[in-house]
Amino acid sequence: MSNRPALPPEIARRRTFAIISHPDAGKTTLTEKFLLFGGAIQMAGQVRAKGEARRTRSDFMKLEQDRGISVSASAMSFEYGTYRYNLVDTPGHSDFSEDTYRTLTAVDAAIMVIDGAKGVESQTRKLFEVCRLRDLPILTFCNKMDRESRETFEIIDEIQENLAIDVAPASWPIGVGREFLGCYDMLHDRLELMDRADRNKVAESIKISGLDDPKLAEHVPADLLEKLREEVEMARELLPTFDRQSFLEGHMTPIWFGSAINSFGVKELMDGIGEFGPEPEVFHTAERDVAPEEKKVAGFVFKVQANMDPKHRDRVAFVRLVSGHFERGQKLFHVRSKKPMAVSNPVLFLAADRELAEEAWGGDIIGIPNHGQLRIGDALTEGETLRFTGIPSFAPELLQSVRATDPMKGKHLEKALMQFAEEGAAKVFKPAIGSGFIVGVVGALQFDVLASRIELEYGIPVRFEPSQFTSARWVQGDKVAVEKLVNANKQHISYDHDGDIVFLTRLQWDIDRVVRDYEGVTLSATKEMM
Ligand code: GDP
C-alpha cells in the first residue's frame with residue numbers, strides 16, 4: 001500500500017466506508033450527524049420509540065421513517081472539508097445477513113460504534129470478524145459518553161482482548177456521564193468541549209500546548225484535570241501510539257470517545273477518516289488486480305435493491321466503481337452477458353434525493369436502474385473481461401418451504417421469489433421433483449421479512465412451513481459424474497435461481513456419502529457470485 005503511486009486528486013479525496021455496530025449502540029444517530037455536518041440534511045430530528053420491526057429494513061429507511069427525511073438508498077454521498085464521503089448502509093436487523101457481508105466487500109474502511117456502557121457486544125464481534133477477513137481498516141467510536149460508562153482503560157482493554165486488535169486512543173474523555181465535559185484530542189493537543197445546550201452544534205475546539213498548558217485549568221475543574229493528566233500519561237506509557245500503516249493494514253484501530261446525540265466527537269471522527277484514510281483501495285479479480293488510478297472504468301455490483309419505488313418495478317444495482325472516471329451516458333461492457341450497456345441514468349445518492357450522476361470516480365458508489373440484467377457480483381468494464389473475487393454467496397442455515405395461501409396466486413409467487421433471490425435477500429431452490437419452492441436464509445427473522453415483503457410488494461399472502469431439508473450444498477465438478485449423481489438422487493436435487501444444481505438433505509451422512517461415492521464431484525457450502 002505504501003509504495004503505490006499518488007492517486008489523481010479526485011480519487012484520493014474519496015472515503016468509502018460503512019458503519020458496523022450492535023443494535024442500539026448509536027449507528028443511526030451517528031449517520032444522521034454525518035449527514036447533518038455534510039450538509040446533506042438540514043435538521044436532526046428526534047428518535048421515536050422503536051420496535052423490532054423497524055430493524056428489518058435498512059437503517060437509511062429507518063432514518064427516513066423516524067425523522068421524516070427522504071433517503072431510501074443503500075449508499076449516500078456527502079462532502080465535508082476537502083473530502084467526499086461515500087457512506088454505505090449495512091442492514092440493521094440483528095440477524096447477520098449476507099447483505100452485510102457483501103456491503104463490506106464494497107467499502108475501504110469501517111467505523112465500529114460501541115456503547116460506552118456495554119463495550120463489545122455479540123453483533124459487534126461478528127461484524128468485526130467479517131471486516132478482519134478483508135483486513136479492512138477500522139475506526140472506533142465509543143458512543144454515549146454522556147451516560148454512565150465504563151472506565152476508559154477498561155473499554156480499551158476489552159476491545160484489545162476481545163477483538164485482538166491494537167487500540168490507539170485518538171481522544172481521551174474528560175469526566176463521564178453527567179460530568180462528561182468533552183475530550184482531550186491526543187493527536188492534535190486540543191481540548192474539545194461539548195455543548196450540552198445545542199445538540200446539533202459542533203464542539204468548541206481550544207488549541208492548547210499540551211497537558212501542562214495553564215489554559216486547561218480555565219475550562220476543566222481541578223479534580224477532572226488531575227485525573228485527565230494522570231490517565232493520559234498512563235495511556236501514553238501503556239497503550240500503543242497511533243501508527244497509520246498499522247491502521248491501514250487492519251492491525252490497529254484509533255478510538256474516539258463521544259456522544260453522537262450531542263454531536264460530540266463526530267467531527268473529529270470524520271476528520272480522522274479524511275486525514276488517515278484509507279483512499280480507494282486496489283481490488284482483486286480472477287484475472288488481475290485493479291488499481292483505482294487506472295484510466296478505464298471498472299466496477300462491480302454488490303447489492304441489488306428491488307422495488308425501491310413501489311409504483312415502478314424498477315431495480316437499482318449498486319455498483320462500487322473500482323477505477324477510472326465514469327461519465328453519464330458512457331457505454332460499459334457487462335461482462336457476464338458479454339454485452340455493452342449504455343448507462344444513461346445512473347444515480348448518485350446525495351442524501352436528500354436521488355440525483356443523476358453526471359460523473360463518478362473510482363471509490364464512488366453509483367446506482368444503476370435496470371430491469372434485472374444486473375446481478376450481484378456482475379462486473380462492468382470498458383471491454384475487458386474481469387471477474388471480481390471475494391463476493392461469496394453463503395449456504396443458508398435455515399430452510400423452509402413456502403406456498404401461497406391462495407392457490408390462484410401460486411403462479412406469481414415464482415416471479416416474486418426469483419426477484420428476491422436475485423436481490424440476494426434469500427436463496428430460492430426449485431426441487432427437481434414436485435412443485436413448490438424451498439427458501440433458505442441465514443437468520444430466522446428473514447422469513448418474516450420475506451413474507452411481509454411478498455405480500456406488500458406482490459400482493460401474495462404466503463405461508464412458510466418446516467422443510468424436510470436442513471442443508472444445501474452447491475454441486476460442482478465433472479459433468480458426467482454430476483449427471484450420474486443427479487439421476488440417482490432426484491429427491492435431493494434442486495436448482496437455484498441461476499439454474500445451478502443444489503443438493504438438499506437433512507443428514508451430514510448424505511453429504512459424506514456423495515463425496516465418497518461420486519469421484520470428481522464437490523459439494524460446496526458457498527458459491528462465488530460471478
Ligand atoms: P442504532 O440501533 O445503532 O442505529 O442506534 P440509534 O442511533 O437508533 O440509537 C439508539 C438509542 O440510543 C436511541 O434512543 C438514541 O437516541 C440513543 N443515543 C444515540 N446516541 C446517544 C448518545 O450519544 N447519548 C445518549 N445518551 N443516547 C444516545
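In this predicted model, eight strands form an open sheet in the order E28-E25-E27-E26-E30-E31-E29-E32, with antiparallel pairing; helices (H or I, at least four residues) and strands (E, at least two) are DSSP runs numbered from the N terminus, and two strands pair if DSSP finds at least two bridges between them. From one strand to the next, the twist averages 40°, where axes are lines fitted to C-alpha atoms, for helices over the stretch in contact, and angles run from 0 to 180 degrees between N-to-C directions. Residues are numbered from 1 along each chain as its sequence is written. Because the model is predicted, local features need pLDDT of at least 70 and side-chain atom pairs count only at pLDDT 80 or more, whereas totals for chains, interfaces and linings use all residues.

Within this sheet, 4 of the 5 residues of E26 are buried, so E26 is largely enclosed by the rest of the structure; a residue is buried if 20 or more other C-beta atoms, placed from the backbone, lie within 10 Å of its own, exposed if 12 or fewer, and partly exposed in between. E26 pairs with E27 in the antiparallel sense over 3 bridges, and valine 428 has valine 439 in E27 as its bridge partner. The two strands E26 and E27 form a hairpin with 5 residues between them, and glycine 434 in the turn has a positive phi of about 85°. E26 is also joined by 2 bridges to strand E30 (residues 493-495), the two running antiparallel, and here lysine 430 stands opposite tyrosine 495. Elsewhere in the sheet, strand E29 (residues 471-477) and strand E31 (residues 501-505) run antiparallel and are joined by 4 bridges, with serine 471 opposite threonine 505 in E31.

Two helices lie across strands of the sheet. Helix H11 (residues 410-423) lies across strand E25 (398-404), strand E26 (427-431), strand E27 (437-441) and E28, and runs at about 135° to E26, while helix H14 (residues 508-517) lies across E29, E31 and E32, at about 155° to E32. Methionine 418 lies in helix H11 and is partly exposed, with 15 other C-beta atoms within 10 Å. Leaving aside neighbours within four places in sequence, methionine 418 is in contact with Val428 and His497, contact being defined by C-beta atoms, placed from the backbone, that lie within 7 Å.

The largest nonpolar core contains 99 residues, of which Ala110, Ile111, Val301 and Val319 touch the most other members; such a core is a set of buried Ala, Val, Leu, Ile, Met, Phe, Trp, Tyr and Cys residues joined through C-beta atoms within 7 Å. Apart from this core lies another, of 33 residues, among them Ala416, Phe420, Val439 and Val475. Not counting residues up to four places away in sequence, isoleucine 111 touches Phe17, Ile19, Leu139, Phe141 and Leu269. Leu269 is one of the buried residues of helix H10 (residues 266-276), and just after H10, glycine 277 takes a positive phi of about 90°.

The ligand is surrounded by 18 residues, the closest being Lys27, Thr28, Thr29, Ser259 and Ile261, where a residue is near a molecule if its C-beta atom, placed from the backbone, lies within 6 Å of it. Helix H2 (residues 27-37) gives the most to this shell, with 3 residues.
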